[in-house]
Amino acid sequence: MEIVLALAIGVLTSSGVWLILRPRTFQVIIGFSLLAYAVNLFIFSMGRLRIGAAPVIDKAHEIDPSLYTDPVPQALVLTAIVIGFATTALFLVVLLASRGFAGNDHVDGREADL
Amino acid sequence: MNNWLQHLPMLPIVVPLMTAALLVLLKESRRKTRLTLSFASVLMQVFVAYQLLLVTAGHMPALWPDNIAVYLLGDWPAPFGIVLVADRLAAVMLLLCSGLGLASLIYSTARWERAGVHFLPLYQLLLMGLDGAFLTGDLFNLFVFFEVLLAASYGLILHGSGELRVTAGLHYIATNLAASFLLLIAIALIYGVTGTLNMADLAVRAGQLAGGDRRLFEAAAAILGIAFLVKAAAWPLNFWLPNAYAYACAPVAAVFSIMTKVGIYSLLRLGSLLQPTGAPAAFGGEWMFPLGLATLVFGSIGMLATQHAERQIGYCVIMSSGTLLAALGMPGVTLTGPALFYLLTSVLALGAAYMLIEMIERTRGFGADVLAVSLEAFDLDDPESPDRSDDVVGVAIPAAMAFLGMAFICCALLIAGLPPLPGFVAKLSMLSAALQTSATDTPSIAAWTLVATVLLSGLAGIIALSRTGIRLFWSSEDTVVPRLRVSEAGSVGILLLACIALAIWAGPVLAFLNDAALVLDRPQLYIDAVMAVQPVRPLGATP
């Protein structure tokens with residue numbers, strides 16, 4: 001499972017980085033979305049990978065910390081998802097405004113001289 | 001015991017948050033109520049920051065005996081819950097931030113606050129993010145406050161709209177999004193290795209790491225450092241800054257002059273906590289010194305190369321970041337105090353400069369940048385730029401040109417570091433401290449390099465600014481004498497008077513900042529203060 005997760009994070013990050021270096025605004029925003037997925041998975045994996053373990057402690061039974069997974073990265077990833085989603089949405093609005101003003105979708109607002 | 005006093009560290013965050021929420025609810029047409037609320041909130045922040053300064057200076061030992069104000073959010077004990085910590089450095093930064101916020105809010109009432117919707121709530125949220133970033137004692141919380149201030153700044157940088165602003169804003173947002181992802185990766189990695197996010201706890205645990213964990217932690221610290229350097233506009237991560245700041249409207253650009261200093265503050269805070277426990281010197285270590293020098297050189301070259309006055313001030317921001325990074329990268333604690341003094345003067349001066357340049361630009365008739373021949377050839381006429389309209393109600397001040405000229409000279413002297421203004425005091429004390437450390441220790445090459453670079457960059461600054469001044473004031477044709485509102489001239493006046501006050505009381509201020517630097521140099525004080533605070537309600541008790 002570790003190798004699958006590591007590959008997923010690696011592929012998402014590399015595609016994301018390649019896309020944010022592209023000249024079209026749409027490519028840039030997709031790049032940021034992919035990077036956000038990669039970062040969120042990375043944060044999640046920092047709590048160590050456990051299968052079938054709950055993060056919330058059940059008070060009804062005797063509490064054994066080894067049965068539970070670390071809840072902190074899950075709380076962090078939730079915050080990171082919300083913030084990342086909001087800022088990406090805001091970036092989308094700016095992107096549309098830029099498209100409206102410049103009449104093209106280049107990140108500089110004008111086509112590069114070929 | 002004064003009960004409200006114990007909630008003091010919370011107020012700089014809660015007050016602007018509540019005000020912003022109220023402002024969103026109020027209609028834009030109820031301008032008086034909205035402005036009254038905004039001013040009440042900012043004045044409250046100034047007051048609270050001053051109170052915190054008194055607390056950290058040791059005037060209220062009953063509540064916080066270590067002179068470090070600690071506040072447990074949700075009453076959870078330190079390593080588990082989020083803490084707010086106000087030591088001397090944080091209190092000084094809070095006061096600086098709220099003072100600058102007040103001046104530029106006054107400036108914005110003349111026109112900018114009405115140039116688009118939601119200026120006032122976004123402004124409050126920006127102040128909330130800044131205050132929170134200065135106060136927080138938790139790494140992830142630091143990220144959250146960075147995002148709050150960045151999200152508000154994204155809105156504010158686009159305020160007034162227009163093609164140039166939107167394109168510059170696009171670049172600014174893209175850069176900061178990427179930096180935020182780096183910050184998240186670093187914080188997650190640090191949590192994965194050490195199992196804590198509390199900065200005081202981190203300082204203890206980082207020193208105990210060994211082997212592979214240690215190397216992983218150093219990698220995480222390096223990524224964290226890069227994220228902060230993007231915010232601090234260190235070369236080569238600062239190409240976004242001049243455009244973004246130049247096209248933002250003046251009161252916003254003025255507040256933004258403190259935003260690069262948040263990056264420097266974070267580097268200083270984490271550097272002070274991580275250094276002596278044997279953890280890597282990623283912050284403020286020997287790497288920071290050449291980076292700072294490169295930033296300084298880049299800023300000076302950019303300043304000499306550019307013609308556009310607002311972009312020139314952007315390069316001044318880069319220069320001040322470079323000076324700070326280089327000074328904080330020198331070994332020893334003696335430079336920290338003077339560097340903080342430099343930070344105060346440069347933020348105030350740059351804030352004033354952004355507002356001033358916008359007023360000066362109004363003196364230029366349409367087409368002053370373009371040759372008269374090409375005006376005719378291309379059949380251009382005045383496009384009635386909405387940014388430049390001059391017919392806004394308000395009380396005008398007399399002798400507008402004299403005021404603009406004097407204020408410009410003051411700003412130039414402050415930025416270049418010439419007497420009699422505090423820019424000189426700051427640079428002199430910084431350089432003499434650098435030379436003193438080199439007299440006792442052997443490596444003096446670094447100190448002499450710092451002296452030479454800072455002095456040469458000051459020379460470059462005065463050349464570039466005097467050239468701009470000549471172009472703006474002495475070009476005899478097409479000079480329009482603008483009407484300046486009291487609110488606009490007054491806010492620049494407040495900032496410049498604050499600078500002059502800093503020059504007059506430079507002795508006590510420097511002594512206070514040196515004490516702040518000593519506190520930073522002994523992180524055990526910070527760690528003990530955070531760890532010693534007990535929750536009001538004992539653990540396990542039901543409410």
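Me: How many helices and strands does chain B have?

Reply: Helices (H or I, at least four residues) and strands (E, at least two) are DSSP runs, numbered from the N terminus. Chain B has 21 helices and two strands. This is a predicted model, in which local features need pLDDT of at least 70 and side-chain atom pairs count only at pLDDT 80 or more, while totals for chains, interfaces and linings use all residues. Residues are numbered from 1 along each chain as its sequence is written, and chains are lettered from A and ligands numbered from 1 in the order in which they are written.

Me: What share of the residues in chain B is buried?

Reply: A residue is buried if 20 or more other C-beta atoms, placed from the backbone, lie within 10 Å of its own. Of the 543 residues in chain B, 56% are buried.

Me: How is the packing of two helices described, and at what angle do H1(A) and H2(A) cross?

Reply: Axes are lines fitted to C-alpha atoms, for helices over the stretch in contact, and angles run from 0 to 180 degrees between N-to-C directions. In chain A, the axes of H1 (residues 2–20) and H2 (residues 25–45) cross at roughly 155° and come within 7 Å. H1(A) is therefore roughly antiparallel (over 145 degrees) to H2(A). The residues of their contact (C-beta atoms, placed from the backbone, within 7 Å) divide into 15 nonpolar, six polar and no charged. Here Ala, Val, Leu, Ile, Met, Phe, Trp, Tyr, Cys and Pro count as nonpolar, Asp, Glu, Lys and Arg as charged, and the others, Gly among them, as polar.

Me: How are H3(B) and H19(B) oriented to each other?

Reply: H3 (residues 88–110) and H19 (residues 486–504) of chain B pack at an angle of about 165°, with their axes 7 Å apart. These two helices are therefore roughly antiparallel to each other. Among the residues making the contact are B:Gly99 and B:Ala103 of H3(B), and B:Gly490 and B:Ile494 of H19(B). The contact residues comprise seven nonpolar, six polar and one charged.

Me: Which element of chain B gives the most to the side that touches chain A?

Reply: In the contact between the chains, 22 residues of chain B meet 27 residues of chain A. Helices H5 (139–157) and H6 (163–194) are the elements of chain B that give two or more residues to this side. H6(B) gives the most, with 16 residues. By type, the side of chain B that touches chain A has 17 nonpolar, three polar and two charged residues.

Terms used: Angles under 35 degrees count as roughly parallel, over 145 as roughly antiparallel, 65 to 115 as roughly perpendicular and the rest as oblique. Two residues are in contact if their C-beta atoms, placed from the backbone, lie within 7 Å. A residue is buried if 20 or more other C-beta atoms lie within 10 Å of its own, exposed if 12 or fewer, and partly exposed in between; C-beta atoms are placed from the backbone.
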